[in-house]
Amino acid sequence: MLLAIDTATRSLSLALHNGNTLIAEQTWRTGNQHNVLLAPSVQHMMAVCDVTTHALTAVAVSNGPGSYTGLRIGVAFAKGIAAVNKLPLIGVSTLDMLAAGQPFKNTRYKLLAILQAGRGRIIAAQYRVKKGRWDALTNPEITTWDDLLQNIEGSYYITGEVDDNGRNAIESAKLEAASLTLVDPANRARRAGFLAQEAWRRYHAGDEEDFSPAKLVPVYMNKPS
Amino acid sequence: MVTILGIESSCDETAAAVVIDGRIIGSNVVASQIDLHAEFGGVFPEVASRAHAEAISAVVEQAIEAAGVGFHQLDAIAVTRGPGLVGSLLVGINYAKGVAMMTDKPLLGINHLEGHVYSLWLTQPFREVDFPVLVLIVSGGHTELLLMRNHGEYERLGGTLDDAAGEAFDKVGRLLDLPFPGGPHIERAGRRGNVKSFDFPRAKRDSSYDFSFSGLKTAVMREVTVQPSAATRKGRKKGAEKHAQLRSDISINDVAASFQAAVTDILVEKAARAAQEYGATEIFIAGGVSANQMLRQKMRQETELPVRYPPLNLCTDNAAMIAAAAHYRWEMGLRTSLSFDVRPMWALNNETYHDD
């Protein structure tokens, strides 16, 4: 059983996945309450699903980009959980987690995955369909809606944290003939079920990757300031 | 036998320790970030938080291994809940919550200052304590004078109104171009200097038990730096001491010695007077500045009471002291819920654990 935790931004998402079936998933907007809500919520979710601590065999956490404090709460909690029974800890990029949850009705479309970065800035990465899943085309970068939409060509799905500024920028860009489709709200939410799925895939990919908790470091995008 | 894992990440040390019965150190691991902060001349909060998140796994695993216990053999998990830097505290707290949830062992959120107090219970060989005792906590973040009437019973007599004593050491260290942290380097320089070269002010020389060190820092700056012209003074910002130009005709050793004398004089004078007024049986000094030899020596001279201070490795932040404090709180019945929040400004007094 894999426990997946995402506290990278203002939403909190948790999931339990046994490799074949998603046993539980919850996603909600908490504001800045991650530290207070995370541990009791995980404990409660495990209790109602009758999953004991001994049943856990792996832990997954979104390891950035995102809010520095949010990321560290999730990563530190996941490290503590993994330490006790020496479980593997699988870190997945917050944007990869988002992309993993998106359907692709039209494979000619690329995908823009978005996180809010504060002060009108966003973090964005592009994906394209490759071997039946979204594959990263660019590294995450800090940008603004205007800069982002001016510098893309072709057809895109847009997912993730799209605020009013984003909606306006998308509408204006559409008038200039760009082919942009804003994904539905349920798919735009960052859901830990997909984090769990992506983590399973990587864990069983057979690469010689080291999943010991000490190796996991959050991705911050910026130097400390 | 009660075995407690302590975790500490309130400032710039990532630490974990296993303590048995509040007295015996099974292991005590500290990963210092001094090198990371040296280039800033002080603790840079975001740098500290990042370093904690990176170091925490290895530090705790090493503490568990060195103590020769397993996580499931622990009786409780203790972690510093405050006071301290929020981002730093959150790393230790959430790691501890993960361990507590997985082991199903009680979790205790401990006051960092109380941890410093209990570093005095880790001195070997163990000596019984006859309450009340006077406790002076002096570190980079704190200067507190407390009367401890029993385990967990503290009357706060006073504290700093501005800079902590250790902060004054760091700031003057920066002025003198000495490496970070200022304390040990000022002490080393001061040993070769004359304590009477400069008559730096002893602030708050009054009947209160409060302290003030920011005026002293300014007095040192005025003495040792080239005074800026009116034009440059206009654009001066806070923290300008970093860029002030040192006078070339000044002996750094003499400044260090005289500054150290001023800080320790006032600490010792008030601690000794408080101990007498409140009928304390002993004086306890804890925190990073308690490593200072001049402070220890003067305190012994100033009072006829026994003076206790921790071994050098327990003066600065560590997790053994958190586990030791947790032992007594565990006995008093403290159990903190998994939902507990950080307390960055948490005072130590009789109401400290009131809501828990």
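The model is predicted, and local features are reported at pLDDT of at least 70 and side-chain atom pairs at pLDDT 80 or more, whereas totals for chains, interfaces and linings use all residues. Residues are numbered from 1 along each chain as its sequence is written, chains are lettered from A and ligands numbered from 1 in the order in which they are written, and side-chain values use heavy atoms, with hydrogens and water left out.

Chain A is divided into domain 1 (2-94 + 191-215) and domain 2 (102-188), the bounds being taken from an automatic or database domain assignment. The centres of these two domains of chain A, taken over C-alpha atoms, are 25 Å apart. Seven residues of domain 1 of chain A and six residues of domain 2 of chain A take part in the contact, where contact means heavy atoms within 4.5 Å. Between them, the two domains of chain A bury about 560 Å², with 55% of this area on carbon and sulfur atoms; buried area is the accessible area (1.4 Å probe) that two parts lose on being put together, summed over both. On the side of domain 1 of chain A, the greatest losses of area to domain 2 of chain A are those of A:Thr9, A:Pro65 and A:Arg201, which together account for 59% of what that side buries.

Chain B is likewise assigned two domains, domain 1 (3-123 + 314-331) and domain 2 (133-309). A distance of 27 Å separates their centres, again taken over C-alpha atoms. Their contact involves 23 residues from domain 1 of chain B and 23 residues from domain 2 of chain B. The area buried between these domains of chain B is about 1,700 Å², of which 72% comes from carbon and sulfur atoms.

A:Asn35, A:Arg72 and A:Val84 supply 24% of the area that chain A buries against chain B, more than any other three residues.

Empty space was then examined. Rolling a probe the size of a water molecule over the atoms shows where such space is left. On a 1 Å grid over the protein atoms alone, a cavity is a set of points where a 1.4 Å probe fits but cannot get out, a pocket is an open set with protein on both sides within 12 Å along at least five of seven lines, and lining residues have an atom within 4 Å of a point. Grid points are joined across faces, edges and corners, and a volume is the space filled by probe spheres set on the points.

The second largest pocket has a volume of about 990 Å³. Among the 44 residues that line this pocket, A:Thr9, A:Arg10, A:Ser67, A:Gln116 and A:Glu161 are the closest to its centre. At least three lining residues come from each of domain 1 and domain 2 of chain A. Strand β6 of chain A (110-118) is one of the elements that supply at least two residues, as is helix α3 (86-103) of chain B; helices (H or I, at least four residues) and strands (E, at least two) are DSSP runs, numbered from the N terminus. The greatest contribution is that of β6(A), with five residues. By class, the lining of the second largest pocket comprises 18 nonpolar, 17 polar and nine charged residues; Ala, Val, Leu, Ile, Met, Phe, Trp, Tyr, Cys and Pro count as nonpolar, Asp, Glu, Lys and Arg as charged, and the others, Gly among them, as polar.

One cavity of 30 Å³ or more is present in the structure. The largest cavity holds about 30 Å³ of space, and its lining includes B:Pro201, B:Phe213 and B:Ile266. Seven nonpolar, one polar and one charged residues make up this lining. Helix α9 (residues 252-277) of chain B provides the largest share, three residues.

Backbone features were also found in chain B. A cis peptide bond, with omega about -10 degrees, joins B:Gly82 and B:Pro83, and B:Pro83 lies in the loop between β4 (76-82) and α3 of chain B. The peptide bond from B:Phe180 to B:Pro181 is also cis, with omega near -5 degrees.
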